[in-house]
Amino acid sequence: MSTDREAILQAVSSAVLAVTRHLSVREVLQVIVRSAQRLLDARYAALGVPDDDGSFGEFVAEGLTDKQWDAIGPLPRQHGMLGAMLREGAPVRLDDLTKDPRFEWWPKAHPVMRDFIGVPIKDGEQVLGIIFLANKRSPGGFDQADEELLTLFAAHAAIALTNARLYERGRELAMLEERNRMARELHDAVTQKLFSLRLTAQAAATLLEADPGRAAVELERVQKLAGEALSELRAVIVELRPAELDRHGLATTLRKHVQLLDRLHPMEVSFDDAELPELDPAVEVAVLRVAQEALHNALRHSGATRVAVRLGHADGVLALTIADDGNGFEQGDSRGLGLASMRDRAESVGGTLSVSSQRGTTIVMEVQA
């Protein structure tokens, strides 16, 4: 058993070392999977971290080629053996996975797995993830000693994973604090610029009849100050952009927001997107905020049964479309302020906003991208 203990200590040390090198959570997961695969001499190894949508937020594996991954398709959902392990929170060791009643199916391109061992990675009672291995290379399959070894390894892996998450969270908080500090400084600068703009405009108005030449000079200064204020306002927008945009980009952030609303509300909320180019950060913020405002209106006021959100890109133009099948509205009703705000956001990045409200409501924001 001393050899096994040395092996597990080496495997754990590599996972902990990944944390000390400031790698991402996903990279730490990959190190854990590779270590477990070597430790138990398995052909296949994987680790899944569940999300709140019935799927897996992270899923890494060893033993599969990129071509096999592409053929298998989307990440697994929390069904079959993986779902059972999440619910039960206990180790599973099988001579033949496919004969267990908890097994359901796998995609056609999925490799055939027989002998199987899986262990939850837990922090107290919370299941952080599941690590599982299949098809032991040496004859006889996985035994009790393998289960004990993997269980011990999973306990150490939980520490490594928790530390990696804490590190990433700390880094995000530090970035957010710095972003907020810069935003405050930019806000002060914009406020001073707008104050100067107002005084200069007042001076120009006073001089307009008495001294048109000086008034023209002051109006030129107004134009310059307005341009500077606009640039600094856009900088504020960028600095105050949601952290999700930094991590995931516009399409993924909006998709997650739509999925959350779809779960929370009785109406169907769907999302579709096309391949997007790299976007200006200010454009991403404006599009996200317009989408959120439009969805808020549709969910609260439209009486719709379906709301469809789409991000499209063609001929250098990014188009956001939010369409519902609700009652529509009159242009002068209480949602007018929301529409004005959305139009201002679109125009702040050089875009346009159009609204059609007859059979349901369709809002389209277009901007060069």
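How many residues does the hairpin use to join S9 to S10? Select both strands and look at the turn: the hairpin joins S9 to S10 through 1 residue. S9 covers residues 352-358 and S10 covers residues 360-368; the two run antiparallel, with 7 bridges joining them. (Strands pair if DSSP finds at least two bridges between them; helices, H or I of at least four residues, and strands, E of at least two, are DSSP runs numbered from the N terminus.) Now click Leu 353, whose bridge partner in S10 is Met 365.

Before going further, a word on what you are looking at. This is a predicted model, where local features need pLDDT of at least 70 and side-chain atom pairs count only at pLDDT 80 or more, while totals for chains, interfaces and linings use all residues. Residues are numbered from 1 along each chain as its sequence is written, and side-chain values use heavy atoms, leaving out hydrogens and water.

Next, colour by pLDDT, the predictor's confidence in each residue, from 0 to 100. The protein chain has a mean of 80, and 80% of its residues reach 70 or more. Confidence is highest in strand S8 (residues 317-324), at 95, and lowest in helix H1 (residues 2-20), at a mean of 60. Where pLDDT is low, the predicted coordinates should not be read in detail.

Now for the charged pairs. The whole structure has 9 salt bridges, each a side-chain nitrogen of Lys or Arg within 4 Å of a carboxyl oxygen of Asp or Glu.

Select Arg 34 and Glu 62: their closest N and O atoms are 3.0 Å apart. Arg 34 is partly exposed at 40% relative accessibility, while Glu 62 is buried at 17%. (Buried means under 20% relative accessible area, exposed over 50%, and partly exposed in between, with a 1.4 Å probe and protein chains only.)

Jump to Asp 272 and Arg 310, another salt bridge, with the closest N and O atoms 2.5 Å apart. Asp 272 is in strand S6 (residues 268-273) and Arg 310 in strand S7 (residues 306-314), so the pair links parts 38 residues apart in sequence. Both ends are partly exposed: Asp 272 at 40% and Arg 310 at 37%.

Last stop: select Glu 88, Asp 100 and Arg 102, which are linked in a network of salt bridges.
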